[in-house]
Amino acid sequence: MRTLGMLLVLAATAAAQSTEPQATGSQPVRRAAPPPTPGLSADMRGSGMLGVDKMQPRIHPLMNVEITDRYGVKTKLVAFHRVSGEIRFVGFLGAASIDIPYEKIKSVEVATPEEPGGRMRAIILLQSGKTVNATFDAREGEQLFSGYAEFGRVTIFWRDLRRLEYLARTKRRDLPVFGKPARGVDVRLTDRDGVQTELVGFRRTTGENILSGLRGSSRVEVPLRVVKKIDLERTTRSPLLHCRLELKGRKPVDLRLKSYHEQVVYRGRAEFGDLRIQLGEVREIIIRRSTPALRDLDPVAAAEGREVENGKTPRR
């Protein structure tokens with residue numbers, strides 16, 4: 001009886017396998033794809049909701065805006081965006097938490113809290129014309145935003161804004177062209193003792209070749225290749241070092257330098273050798289041009305506008 005039962009089981013298994021379509025040669029068996037679920041878009045069918053793959057993150061467009069900081073300084077910026085996280089306003093509407101994409105916002109007015117340490121108020125005018133009276137706390141106020149002005153990169157904390165006005169969606173042609181900020185420049189440097197030195201390959205020792213400072217509540221990074229002249233002066237009215245930048249084809253910019261800005265070291269090559277100096281020890285820098293690539297760093301030839309290639313005699 002046990003043998004008969006085993007034979008019946010094997011016979012049933014063979015019959016079930018005979019109903020499956022058999023492959024011919026080495027071709028694999030192709031099964032028809034299940035029909036799409038009605039009511040679902042292609043993105044939803046291919047998203048993680050159906051276990052196939054993860055949903056693609058939404059891309060928020062960058063904005064051209066005009067900001068006003070807490071000192072009343074106005075700046076027009078392109079490619080304005082949140083440095084980390086999605087470009088959304090995150091705050092509260094009464095007791096409820098809200099988040100609004102900035103592409104829906106036409107303007108924002110920010111007011112200080114009525115009580116010290118309280119939530120800051122934000123009057124948000126939407127593109128539709130409706131107004132949202134929202135608030136945000138200190139955590140959201142620490143979010144950092146960034147954009148590009150005509151003179152360089154600007155970063156600002158959300159808590160330091162007082163007004164943001166949407167101008168347009170950023171297009172590729174709106175982005176300023178600063179060139180390669182890592183390249184050195186040929187300069188005539190005057191230190192605080194009045195000593196003048198011709199330098200080539202003048203650049204910041206670490207990071208990009210920029211000059212950093214404060215403009216109102218914003219931190220500004222100006223590439224040296226767009227600067228014509230830098231004047232530094234310490235006045236009795238402010239403990240901060242005052243810096244005035246004359247730019248090529250742009251309006252002058254006034255910056256304030258804190259101690260950590262002053263301690264940044266720049267270096268260049270003079271006729272006698274290498275030179276290093278902290279920015280706080282400088283009185284004036286006149287920038288002649290960007291240091292040509294693949295040229296010997298000859299300060300005399302650079303001052304006279306002559307090109308000197310490596311291993312060759314200078315052209316007179």
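**Entry 1: ground rules**

I'm working from a predicted model, where local features need pLDDT of at least 70, side-chain atom pairs count only at pLDDT 80 or more, and totals for chains, interfaces and linings use all residues. My numbering runs from 1 along each chain as its sequence is written, and side-chain values use heavy atoms, with hydrogens and water left out.

**Entry 2: confidence**

I checked pLDDT, the predictor's confidence in each residue on a scale from 0 to 100. The protein chain averages 79, and 71% of the residues score at least 70. Where does pLDDT stay under 50 with twelve contacts beyond four places in sequence? I found that at residues 309-316. Residues 17-26 also stay under 50, and there the model has three contacts beyond four places in sequence. By contact I mean heavy atoms within 4.5 Å.

**Entry 3: the whole chain**

I counted five helices and 20 strands in the protein chain. These are DSSP runs numbered from the N terminus: helices are H or I with at least four residues, strands are E with at least two. Of the 316 residues, 36% are buried. The chain exposes about 19800 Å², and carbon and sulfur atoms supply 52% of that. The areas come from the Shrake-Rupley method with a 1.4 Å probe; for residues, only the protein chains shown count as cover. I also looked at contacts between residues at least 6 apart in sequence: 54% of them join residues at least 24 apart.

**Entry 4: Asp186 and Arg289**

Back to Arg289. What does Arg289 form with Asp186? It is a salt bridge, with the closest N and O atoms 3.2 Å apart. My cut-off for a salt bridge is a side-chain nitrogen of Lys or Arg within 4 Å of a carboxyl oxygen of Asp or Glu. Asp186 sits in strand S11 (residues 185-191) and Arg289 in strand S20 (residues 282-290), so the pair ties together parts that are 103 residues apart in sequence. Asp186 is buried, at a relative accessible area of 2%.

**Entry 5: other salt bridges**

The structure holds 15 salt bridges. One of them joins Arg159 and Asp160, with 4.0 Å between the closest N and O atoms. Arg159 is partly exposed at 30%, whereas Asp160 is buried at 8%. I then saw that Arg70, Glu142, Arg159 and Asp160 are linked in a network of salt bridges.

Arg163 and Glu165 also meet through their side chains in a salt bridge, 3.9 Å from N to O. Here Arg163 is partly exposed at 27%, and Glu165 is partly exposed at 29%.

**Entry 6: Glu140**

Is Glu140 buried or exposed? I have Glu140 as buried, with a relative accessible area of 7%. Glu140 is in helix H3 (residues 138-141). Leaving out residues up to four places away in sequence, Glu140 touches Arg82, Arg88, Val90 and Trp158.

**Entry 7: strands around S9**

I count two strands as paired if DSSP finds at least two bridges between them. S8 (residues 144-149) and S9 (residues 152-157) pair antiparallel over six bridges, and a hairpin of two residues joins S8 to S9. Within this pairing, Tyr148 stands opposite Arg153 in S9.

Which strand does S9 join through three bridges? That is S14 (residues 218-223), again antiparallel. Thr155 is opposite Arg219 in S14.

I went to the largest nonpolar core, which has 57 residues; Phe89, Ile124, Trp158, Phe202, Leu211, Ile230 and Leu245 touch the most other members. A nonpolar core here is a set of buried Ala, Val, Leu, Ile, Met, Phe, Trp, Tyr and Cys residues joined through side-chain atoms within 4.5 Å. In soluble globular proteins, nonpolar side chains tend to be buried together.

Leu126 lies in strand S6 (residues 120-126) and is buried at 17%. Beyond four places in sequence, Leu126 touches Ile100, Lys104, Ile105, Lys106 and Val132. Leu126 and Lys106 are 20 residues apart in sequence, yet 5.2 Å apart in space, C-alpha to C-alpha.

Note on methods:
Buried < 20%, exposed > 50% of the residue type's maximum accessible area, 1.4 Å probe, protein only.
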